[in-house]
Each structure stands twice: as C-alpha cells, then as structure tokens.
Amino acid sequence: MEGFLANILKYLLFFVNFVLFIAGCIVFGATVFGAAILVDSPKFLELFEKTKDVVSEDVDTSGLELNIYSTGGYVFLALSAFFVIVSFFGCCGAWKESKCMLGTYFTFILILFIALIVGAVLAYKGNLKDKIEKPLYESISMYNDNPDLTTEAKEQALKQAWNTVQRDLKCCGVANATDWKNATSAGWSPSSVNKPEGCCMWKIGVDGEAMDISEDETAILNCRQMVQPL
C-alpha cells in the first residue's frame, strides 16, 4: 500500500510540474514577444511623453514613467524563467526520485511563495492601472483636434501621438470610443465629428477581421460622425 501511494504521489508531482513547465515556457515566450512589441512601438511611448507635457501639474503622471515598463518587463521575464527552472527540478526530481533535486525544488517553492507574498503586498499598496489611465483621460479632455501649428506645438504633438497610437493598435480611446465624449473643447474638424481620425483607420469586416480603410475618406468621415453609445 505504501509503495502504491508513493507511486501515485510521484506521478502526480511529475504531471503537475510538467504542466507548469509547459505553461512557464509559454509565459516566457509571451513575455519576450510582449517586450519586443513594446520596444517596436515608440509611438505608444511617445503618447506617454506628450501626455506628461500637457496635463495639469496636479495630476500624478508617475504611472507614465517609461522605466516602469522596461523594469517590469525584465522582472516578469526573470520570474517566468525562474518558474521554468523550478518546474524542471520538480519534474526531474519526481521522475528520478532524486532527493537532491527534490530538495532544490522545495527550496525554490519556498522562495517563490515568499516572493508572491511580497509582490501581493506591493501590488495592494499601489494602483498602477489608475496611475496610467488618469493622465491619459486628462489628456483626452485637453485634446485639440484643430491646433494652431504656430502657437500650440504641444497640442499638435499630442494630437499626432493619439492618432498614431490608435491607428497602430487598432483601438479608440483609453477603454473605448466613448472616452472621447470627454473631449468637450476639442474643436472638432469638421464640427460634425466626435472622435479623432486615428479611431477610424480600421473597420471590422463581415468575417470579423480588421480591414484597412485609411484610404477611404468617406468611410473615415462616417466613422468619425458615428453616434457614440451612452
């Protein structure tokens, strides 16, 4: 009976860690891919910089500091690699019944558990999502769709940044298109529109795929004039 239970535990530990090993490899690859996207998206980072230039001084823009994302990416990359190593020791230790590898495995598990507790406490103390979104919402409320190129250089730069980011990421606003209702002093050009042209460079086709309509001025205008839901 003892041998039977020992085998059950052995294979259960091996299976769980094998699944975690595969998941860790996937997360590691996704992190590398995400880091590559961030590096290759200078306009996205430029939007943060332009937002910091125009929002009022009483708005906390610490969430838009670029070093947060580069540092966070490296930390997440290291954690995912650590996760892969831990699950590898668990797999091999269980399969080979190696006391050394299993001892290393449980030591890593203890370190990981402590790190998770510390991370949870730090995450609870600060709300990074609000720190990022609040300045961006503030910049929307200050958006100018028809800035004077000679006297409103910052507003022109912000307009270009918003349009470029929305075009490249195929998005509109911070959460969705209704965010642009807050652009009450945008001075829309033409006056009948209610969102920037960057929101309307793509259209969802009947097959659910995004279609490039950036060359269709009529389609872009119709999109910009579309009434936003409440």
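Colleague: Are Cys200 and Cys223 buried or exposed?

Modeller: In this predicted model, the two cysteines are joined to each other by a disulfide, with an S to S distance of 2.1 Å. Buried here means under 20% relative accessible area. Cys200 and Cys223 both fall in that class: buried.

Colleague: Which handedness does the disulfide of Cys200 and Cys223 have?

Modeller: The answer comes from the torsion about the S-S bond, which is about -75 degrees for Cys200 and Cys223. With that torsion, the disulfide is left-handed.

Colleague: How many residues apart in sequence are the parts that Cys200 and Cys223 tie together?

Modeller: Cys200 sits in the loop between α6 and β1. Its partner, Cys223, belongs to helix α7, which covers residues 217–225. The pair therefore ties together parts whose separation in sequence is 23 residues.

Colleague: Which cysteine is joined to Cys172 by a disulfide?

Modeller: A sulfur pair counts as a disulfide within 2.5 Å. The sulfur of Cys172 has a partner at an S to S distance of 2.0 Å. That partner is Cys199.

Colleague: What is the relative accessibility of Cys199?

Modeller: The cut-off for buried is under 20%. Cys172 is buried, at a relative accessible area of 13%. Cys199 also counts as buried, and its relative accessibility is 12%.

Colleague: Is Cys100 buried or exposed?

Modeller: The limit for exposed is over 50% relative accessible area. Cys171, at 26% relative accessibility, counts as partly exposed. Cys100 has a relative accessible area of 61%, so Cys100 is exposed.

Colleague: Which residue has its backbone oxygen 2.8 Å from a polar atom of the side chain of Thr164?

Modeller: Thr164 has its place in helix α6. Thr164 is also buried, with a relative accessible area of 13%. The backbone oxygen at 2.8 Å from a polar atom of its side chain belongs to Gln160.

Conventions
Residues numbered from 1 in each chain as written. Predicted model: local features only at pLDDT ≥ 70, side-chain atom pairs only at ≥ 80, totals over all residues. Heavy atoms only, no water. Buried < 20%, exposed > 50% of the residue type's maximum accessible area, 1.4 Å probe, protein only. Helix = DSSP H or I, 4+ residues; strand = E, 2+ residues; numbered from the N terminus. Polar contact = N/O pair within 3.5 Å; in protein donor to acceptor, adjacent residues only side chain to side chain.
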